[in-house]
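Open your viewer and get ready to select residues by number. This tour moves from one selection to the next.

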Amino acid sequence: METGEILVIDLFAGPGGLGEGVSSCVNENGNKPFQIGISIEKEPSAHRTLTTRAFYRKIYELENGLDSYNSYLNGNITRSELFKRFPKQAQEAKQETFFAPHTLGEDNSDIHARIRELVASHGTRPKVVIGGPPCQAYSLAGRSRNAGIVDYKAEKDDRHFLYKEYLKVISIAQPDVFVMENVQGILSAKVGGEVMFPRILKDLKAPGRVTKISSPKYKVFSLVVNADDPTNPTYADPKDYLIRSEDYGVPQARHRVILLGVREDIERVPGTLLPREDKTTVEQVIADLPALRSGFSKREDNAKDWEREVSKNATRVKKLLRKQFDGAADLDLTPIKNLPRSAALPVNEPLLMPEHLVEWYRNNAPMCVLNHETRGHMDSDLLRYAYSAAFTILSGGISPKARDFPADLAPAHDNWNTGTHADRFRTQVANKYSTTVTSHISKDGHYFIHYDPKQCRSLTVREAARLQTFPDNYLFEGNRTQQYVQVGNAVPPYLAQQIGKVVMDLLSQIE
Ligand SMILES: C[S@@+](CC[C@H](N)C(=O)[O-])C[C@H]1O[C@@H](n2cnc3c(N)ncnc32)[C@H](O)[C@@H]1O
């Protein structure tokens with residue numbers, strides 16, 4: 001296949017994890033067959049991230065392209081100065097992200113018209129639709145939030161039906177293949193007492209029935225389990241559609257439903273992802289990032305006061321932990337001196353990172369680390385972070401539950417001890433893969449405590465991005481909270497690349 005031969009229509013694109021993964025696929029001829037034609041995203045900061053990345057992909061191989069991009073990353077030139085240096089590519093990047101944030105369901109006439117145009121100009125060459133309708137309404141957290149809303153009616157929550165926007169685009173574009181991603185909760189979500197998943201599956205197999213647009217039918221494959229009958233794929237268990245990202249080299253337990261739709265007239269059967277034998281750990285992917293200190297959220301912040309506070313906490317934590325662990329007295333919790341809170345610094349040698357990931361993360365990496373800035377924490381939380389990180393080391397990799405915290409470290413929460421907040425504070429264990437990075441990381445860092453008590457802090461956006469396998473030169477635009485949301489929402493690009501290869505192999509077998 002030639003470079004750009006496969007037109008990609010990217011819906012609900014977020015910061016572009018899926019798009020990044022497929023765009024990076026290279027075939028045996030050294031070509032990159034996937035070319036994003038349009039990415040639709042409604043949230044302005046994610047849209048800005050998408051445009052910056054689309055632009056990067058268009059210029060990094062041009063003369064002065066990478067240098068100019070790095071000048072922007074280093075803060076030496078503004079984004080508009082960068083775009084002015086490559087006006088044609090800037091225009092193409094803006095067109096790729098449709099010039100502005102757009103909302104599926106509200107801006108359909110423009111979106112659909114553009115998709116029709118792209119499809120028509122692409123002729124008979126292959127097309128794919130990627131993306132996932134947002135997951136808040138299906139996710140377990142979203143469902144428990146909804147449960148707290150008086151008079152909440154799932155059947156009135158439009159977000160349950162956003163997948164129908166996806167169906168409309170499939171009907172219009174009639175792609176050879178679609179890749180639809182969603183949270184695990186989609187398998188069990190109910191609307192008006194009806195379990196939604198069988199209906200969603202049925203609708204995806206025959207989108208025209210719902211959209212009333214004449215449309216081909218689709219077979220829906222799992223990417224991890226072989227179908228009982230490849231001509232009419234069925235699976236014994238809906239969980240067969242579930243992908244455990246940690247099995248595919250992602251340093252994170254991210255379990256997502258990913259459906260691979262193949263147009264009915266295509267007789268070839270797609271392959272499945274190849275699990276890796278080794279698991280990637282948190283430490284392998286973040287240990288080389290510059291050490292940082294956290295800050296204070298409710299009082300004036302400076303390094304000396306922070307060191308004093310963390311030292312004081314260290315003494316207290318050791319005393320508390322001596323009652324629980326023999327080795328507590330020997331644990332060194334002394335804060336690292338003179339740490340910055342953000343680092344425009346080069347990364348250290350990625351000594352622990354496996355070679356294939358060094359290539360993945362560090363390819364065309366900038367000199368300085370992007371989006372690597374710590375948050376401020378309350379004094380009481382700093383103490384809990386120290387306790388949690390130290391406990392995790394002493395226990396050999398178990399982050400403490402609420403019940404493990406000494407009473408005087410317990411937050412003033414009525415339900416701290418009821419079990420619902422058992423994981424209110426969670427240290428990401430150095431030598432395991434992390435728990436799921438969700439957009440909740442934007443709210444506070446309590447679920448994402450760094451394993452190093454000497455830094456006593458939660459993870460930065462860049463560390464979360466590493467857990468999500470974004471390359472180091474992937475810039476998240478917007479403020480820090482928006483950056484965290486974008487990272488938490490994304491499909492890990494490293495996984496998306498593997499999915500892209502399955503699609504690329506399938507499409508390259510078709511005449
Ligand atoms: C789970 S994220 C998608 C992640 C993305 N597929 C990736 O690979 O990084 C869902 C995104 O859909 C966006 N979104 C939600 N409703 C939308 C709508 N009606 N139209 C366009 N975008 C929407 C959200 O802002 C969010 O960024």
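Which loop does T97 lie in? Select T97 and look to either side along the chain. T97 lies in the loop between helix 5 (87-96) and helix 6 (108-122). Keep in mind as you go that this is a predicted model.

**Stop 1: around T97**

Is T97 buried or exposed? Its relative accessibility is 1%, and buried means under 20%, so T97 counts as buried. Now show its neighbours. Leaving aside residues up to four places away in sequence, T97 touches S39, H47, L50 and T51. Pick out T51 from that group. The side chains of T97 and T51 are joined by a polar contact of 2.8 Å.

**Stop 2: helix 8**

Select residues 163-173, which make up helix 8. How many of its 11 residues are buried? Nine of them are, so helix 8 is largely enclosed by the rest of the structure. Colour the buried ones: Y163, E165, Y166, L167, V169, I170, S171, I172 and A173. Step just past the end of the helix to Q174. There, Q174 takes a positive phi of about 45 degrees.

Go back into helix 8 and show K168 with E165. They sit three residues apart, about one turn of the helix. Side chains of opposite charge can pair when their charged atoms come close. K168 forms a salt bridge with E165, and the closest N and O atoms are 3.0 Å apart. K168 is partly exposed, at 27% relative accessible area. E165 counts as buried, at 9% relative accessibility.

**Stop 3**

Select helix 12, residues 303-322, and show K312 and E309. Again the two residues are three apart, about one turn of the helix. Their side chains meet in a salt bridge of 3.4 Å, N to O. K312 is exposed, with a relative accessible area of 52%. E309 counts as buried, at 11% relative accessibility.

Move on to helix 14, residues 379-394. Show R384 and D381, three residues apart in this helix. What distance, N to O, goes with their salt bridge? For R384 and D381 it is 2.7 Å. Are R384 and D381 buried or exposed? Both are buried.

**Stop 4: a network**

Select E20, R53, R57, K58 and E96 together. A network of salt bridges links these residues. Over the model, the count comes to 33 salt bridges.

**Stop 5: the two domains**

Domain 1 covers 6-279 + 491-508, and domain 2 covers 282-353 + 375-459. Their C-alpha centres lie 35 Å apart. Now look at where they meet. Seven residues of domain 1 are in contact with seven residues of domain 2. The two domains bury about 640 Å² between them, with 56% of it on carbon and sulfur atoms. Which residues of domain 1 lose the most area to domain 2? Select P251, Q252 and A253: together they account for 61% of what the domain 1 side buries.

How many salt bridges cross the interface? The rule finds zero. Five residue pairs are in polar contact across the interface. Show those pairs, and the tour is done.

Definitions and conventions
Residues are numbered from 1 along each chain as its sequence is written. This is a predicted model: local features need pLDDT of at least 70, side-chain atom pairs count only at pLDDT 80 or more; totals for chains, interfaces and linings use all residues. Side-chain values use heavy atoms; hydrogens and water are left out. Domain bounds come from an automatic or database domain assignment. Contact means heavy atoms within 4.5 Å. Buried area is the accessible area (1.4 Å probe) that two parts lose on being put together, summed over both. A salt bridge is a side-chain nitrogen of Lys or Arg within 4 Å of a carboxyl oxygen of Asp or Glu. A polar contact is a pair of N or O atoms within 3.5 Å; within protein, one must be able to donate a hydrogen and the other to accept it, and residues adjacent in sequence count only if both atoms are side-chain atoms. Helices (H or I, at least four residues) and strands (E, at least two) are DSSP runs, numbered from the N terminus. Buried means under 20% relative accessible area, exposed over 50%, partly exposed in between (1.4 Å probe, protein chains only).
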